[in-house]
Amino acid sequence: MKSCIIYSSVTGNTRKVAEALAAASGAPCFPVREAPDPDDYDLLALGFWVRLGQADARTQGYMRRVLGKKVFFFGTLGAWPDSPHARRCAEGARALLEEGGNTVLDGFLCQGRVDPKILEISRQKGRHPMTPERRARLEEAARHPDTADLAEAGRRWQRCLAD
Ligand SMILES: Cc1cc2nc3c(=O)[nH]c(=O)nc-3n(C[C@H](O)[C@H](O)[C@H](O)COP(=O)(O)O)c2cc1C
């Protein structure tokens, strides 16, 4: 089975996960801007960063071109990975992939450090008050993806490859 890894990443978090999948499997890994034709592969790992509650637009665009394939999706976000917000992000990605007749074998989300420049802009605009809960979440996000996240993502991807 021919497989590859495609990802989008602005600040490097999702790229780290993509590179861990590549290291775990030897599958080729491409940033989405240089992504190959999905029809050249049977199984694709598709990685996104979460923007405004969804997979980033570039990855969504690529996902729409993936039709009738086996897929593993992965993503990074600032929110807790077991939160309703994260679940909605994962469900959105799964639904988009299933619309294309793909078989989603698994999906994996973990936290990723939120760019301090973005946090500063948000602070200036007074958008999200810095509550103790939010501070704790952002402090934890800043430690991810960590080695446990990378190992878990690699393990899940390898299980898809063995399917
Ligand atoms: C413009 C922008 C919007 C974001 N929106 C969300 C969001 O809706 N939910 C969330 O949990 N994280 C959000 N984040 C945090 C990113 O998803 C997170 O930091 C991610 O790990 C970035 O991935 P990257 O380093 O691969 O670019 C946002 C970040 C930016 C810059």
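Visitor: Where does Leu52 lie?
Guide: Leu52 is in the loop between S3 (43-51) and strand S4 (54-55). Helices (H or I, at least four residues) and strands (E, at least two) are DSSP runs, numbered from the N terminus. This is a predicted model: local features need pLDDT of at least 70, side-chain atom pairs count only at pLDDT 80 or more, and totals for chains, interfaces and linings use all residues. Residues are numbered from 1 along each chain as its sequence is written.

Visitor: What about the phi of Leu52?
Guide: Leu52 is not a glycine, yet its phi is positive, about 50°.

Visitor: And is Leu52 buried or exposed?
Guide: Leu52 counts as exposed because it has 7 C-beta neighbours inside 10 Å. With C-beta atoms placed from the backbone, buried means 20 or more other C-beta atoms within 10 Å of a residue's own, exposed means 12 or fewer, and partly exposed is in between.

Visitor: Switching to the core. Which residues have the most contacts inside the largest one?
Guide: Ile6, Leu21, Leu44, Ala45, Leu46, Cys89 and Ala93, in a nonpolar core of 39 residues. Such a core is a set of buried Ala, Val, Leu, Ile, Met, Phe, Trp, Tyr and Cys residues joined through C-beta atoms within 7 Å. S3 gives the largest share of this core, seven residues.

Visitor: What is Cys89 in contact with?
Guide: Neighbours within four places in sequence aside, Cys89 contacts Val50, Gly53, Gln54, Ala55, Gly75, Leu77 and Leu109. Contact means C-beta atoms, placed from the backbone, within 7 Å.

Visitor: Now the ligand. Which residues come nearest?
Guide: Ser9, Asn13, Thr14, Trp49 and Gly112, of the 22 residues around the ligand. A residue is near a molecule or strand if its C-beta atom, placed from the backbone, lies within 6 Å of it. Helix H1 (13-25), strand S3 and strand S5 (70-77) are the elements that give two or more residues to that shell.

Conventions. Contact = placed C-beta atoms within 7 Å.
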